[in-house]
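Hi,

Here is the structure I promised to pass on. Have a look at it first, and then read my notes below.

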Amino acid sequence: MNLSIKHLYGLEGVPKEDLTQIFDTAFSFREVLERPIKRVPTLQGKTIVNLFFENSTRTRISFELAEKRLSADTINFSASGSSLSKGESLKDTIQNLYAMKMDAIVMRHPVPGSVKLLSQFVDAVVINAGDGTHEHPTQALLDIMSLKEKFGKIEGLNIAIVGDIRHSRVALSNIFGLKTLGANVALCGPPTFMPCGVESLGVKIMYDLDEALQFADAVNLLRIQRERQGKGLIPSLREYRNLYGLTRERLENLKKPLTILHPGPINRGVEIDSDVADGDYSIILHQVLNGVAVRMAVLFLLVGGK
Ligand code: CP
């Protein structure tokens with residue numbers, strides 16, 4: 001039942017066997033989430049701190065719920081209201097928290113690489129809840145789990161990831177996880193949203209959304225990360241929607257089923273029309289449910305539950 005990894009910094013380099021074990025465990029925890037009493041004693045006596053230096057709705061609540069479902073003691077820390085505003089460093093903050101005997105730290109931070117740096121300061125299990133434009137491994141795990149549930153497999157699936165690839169940690173983690181499991185991945189978006197050299201990860205690059213949708217069994221739509229980019233990468237949101245938005249008209253013209261994912265938060269009317277996000281092909285809210293199960297699995301496997 002042991003993973004080869006000791007921390008979850010990202011999905012880069014995580015072997016297929018570990019991914020398979022995480023999904024198998026997550027599917028068994030999905031059964032717990034359907035019970036009248038949705039709690040197991042698996043992490044009783046363990047203490048987990050959720051450190052969020054960036055805003056979050058889904059990831060923060062999903063981790064907290066997963067920890068509670070596993071009976072762990074949880075502490076929630078947000079940068080605002082902490083002694084960071086008095087000049088305390090991240091290292092001192094984390095070492096002080098660790099001195100209170102934490103078993104695991106879940107961290108979201110705007111700086112790429114910050115989560116890996118954390119494990120130099122403490123001996124606890126470290127889990128990345130999103131580090132800047134780098135990786136968001138549990139988001140990709142829940143995306144892939146949702147695809148596995150829908151299609152029964154990942155190998156050979158054609159997955160298009162559409163939008164602001166350049167600023168997206170979700171895209172990078174999905175690429176690593178999907179490629180390890182044998183999916184064919186296409187990235188689609190304006191050239192200004194495409195990272196240099198990304199082809200070296202074994203993905204196709206497409207600049208035409210209709211071509212990407214024809215290729216895809218499933219599409220993962222990303223929002224434009226306005227908080228991480230300078231101005232001028234796209235002329236206007238209106239033009240972006242016309243060229244890269246998943247509109248009802250575009251979906252109807254496709255004339256084939258398409259599974260639609262979105263990590264959230266959604267910018268309705270930009271990357272996706274409201275009725276498409278809420279329509280029959282969308283599994284967006286199902287992804288959120290799987291998010292709790294996959295985070296339970298990661299916590300269980302890494303924090304040493306019995
Ligand atoms: N998908 C995701 O990371 O959402 P939050 O920013 O709300 O956590």
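Start with Pro265, which sits in the loop between β9 (259-261) and α10 (274-277). The peptide bond that links Gly264 to Pro265 is cis, with omega at about -5°. Most peptide bonds are trans, and most residues other than glycine have a negative phi. One thing to keep in mind throughout is that this is a predicted model.

Ser71 is not a glycine, yet its phi is positive, at about 70°. You'll find Ser71 in the loop between α2 (58-69) and β2 (73-78). Lys255 is another residue other than glycine with a positive phi, near 55°, and its place is the loop between α9 (248-254) and β9.

Helix α11 covers residues 284-303, 20 residues in total. From its first C-alpha to its last it reaches 28 Å, close to the 28 Å expected at 1.5 Å a residue. Because 16 of its 20 residues are buried, α11 is largely enclosed by the rest of the structure.

How many residues of α5 are buried? The count is 11 of the 15, so α5 is also largely enclosed by the rest of the structure. The buried ones run from Pro137, Thr138, Gln139 and Ala140 through Leu141, Leu142, Asp143 and Ile144 to Met145, Ser146 and Leu147. For background, an α-helix has 3.6 residues a turn, so residues three or four places apart point the same way. Just past the end of α5, Gly152 has a positive phi of about 80°.

Next, a residue in a strand: Ile205 belongs to β7 (residues 204-206). With 22% relative accessibility, Ile205 counts as partly exposed, because the buried class stops at under 20%. What does Ile205 contact, leaving aside its neighbours within four places in sequence? The partners are Leu187, Met194, Val198 and Glu199. Leu285 is 80 residues away from Ile205 along the chain, and the C-alpha atoms of the two are separated by 28 Å.

Finally, the overall picture. The protein has 11 helices and nine strands. Its radius of gyration is 19 Å, which agrees with the value near 19 Å that a compact globule of 306 residues would have. Along the principal axes, the C-alpha atoms fill a box of roughly 55 × 45 × 35 Å. Of the 306 residues, 56% count as buried. If you take contacts between residues at least 6 apart in sequence, 73% of them join residues at least 24 apart.

As for the surface, the accessible area comes to about 13400 Å², and 50% of that belongs to carbon and sulfur atoms. There are 36 positive and 34 negative side chains, and the centres of these two sets lie 3 Å apart.

Cheers

Terms used:
Residues numbered from 1 in each chain as written. Heavy atoms only, no water. Helix = DSSP H or I, 4+ residues; strand = E, 2+ residues; numbered from the N terminus. Rg over C-alpha atoms; globule rule 2.2 N^0.38 Å. Buried < 20%, exposed > 50% of the residue type's maximum accessible area, 1.4 Å probe, protein only. Contact = heavy atoms within 4.5 Å. Areas by Shrake-Rupley, 256 points an atom, 1.4 Å probe, with all protein chains shown as cover. Lys, Arg positive; Asp, Glu negative; His and termini not counted. Charge placed at Lys NZ, Arg CZ, Asp CG, Glu CD. Expected span 1.5 Å × (residues − 1).
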